[in-house]
Amino acid sequence: MFIVMQQVLLLILFAAVGYILCKMGKVKSEQTKLLSTLQVYVFWPCSVINTYSANFTVEYIQEKYSLLLVSLILLAVMIVVGGLLAKLLAKKSYLQAVYCYSLTVSNYGFFGYSLAAGLFGDVMLQNVMIFSLPISMYTSTLGYAMLTKTKFSPKRFINPIIVASLIGAVVGLFEWELPYVLDALVDKAGACMAPVGMLLAGMVISEFNLKEILKGKRNYVVAVLRLLVLPCSIAGGLKLLGLEEMIIPALMVYAMPCGSNAITFPRLVGEDCKDGASVLLITSLLACITVPICVALFT
């Protein structure tokens, strides 16, 4: 599982760079909103266009529609379970939202995709990308509304991520080739998503006392649920139902550390990021132990 440790180390290094820059006074904390804006309006949409245009073909959807169906059902279950667990873990409504999101959405784009490609090859990577599409939709609509304290409305479906999804889907379905310059722009901007997300995480973490972030007992409970209890329950359930071909895509999405949007979205609107930063840091550090365990148990 050397590739797992590589991904964890890479994530930590990017976060460390952001942390050091802020501690040295080279970057001010209020400037992190700029990175959040770039992430939501540029880098993430470009990453989505890349994924959809490469994988959302008629043939692939006809062959793998069951992945989308299972993913939608699992997502609905995870939202309910995450919400119930969050209410048990926290009293404040906003902290409940952070915990619910952290238990439902992982950092599959940074960890899961790389791990799937490294361990199982490009075909499995495509399966994981398709499996993660409903979660991406949830993140940019209900997830965004939760973490920014905004009221959800159908208008939220008109946002950079959904627009990018539609563009990527059309390009993929019609098998169009983008002009070289545009294709290169989308590719290079999309590649910035994970590094910028982790730089931002490090910058936000620098605002708090590191010991304070690492000592929250509830955040360790969230980490254990996120990294072991929930993914093992999902994989075990799929095995009992005879859906063994779904186990690897599910693990590559649900056994990963918490997603960085628990920091990105709140920072975009000036909300508190402390608990989101804590959960992100703890789960990222523990992932090098828990991810190999989950993969070894069910593959």
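Modeller: Residues are numbered from 1 along each chain as its sequence is written. In this predicted model local features need pLDDT of at least 70 and side-chain atom pairs pLDDT 80 or more, while totals for chains, interfaces and linings use all residues, and side-chain values use heavy atoms, without hydrogens and water.

Biologist: What makes Tyr144 and Phe265 an aromatic pair that is edge-to-face?

Modeller: A search of the whole structure finds three aromatic pairs, and in this one the rings of Tyr144 and Phe265 lie 5.0 Å centre to centre with 75° between the planes. Rings of Phe, Tyr and Trp (its six-membered ring) pair if their centres lie within 6.5 Å, and planes under 30 degrees apart count as stacked, over 60 as edge-to-face and the rest as tilted, so the pair is edge-to-face.

Biologist: Why is Phe174 with Trp176 called stacked?

Modeller: Phe174 and Trp176 are 5.1 Å apart, centre to centre, and their planes make an angle of 20°, which puts the pair in the stacked class.

Biologist: How do you know whether Tyr144 is buried or exposed?

Modeller: Buried means under 20% relative accessible area, exposed over 50% and partly exposed in between (1.4 Å probe, protein chains only); Tyr144 has 12%, so Tyr144 counts as buried. Phe265, at 1%, is therefore buried as well, whereas Phe174, at 54%, is exposed.
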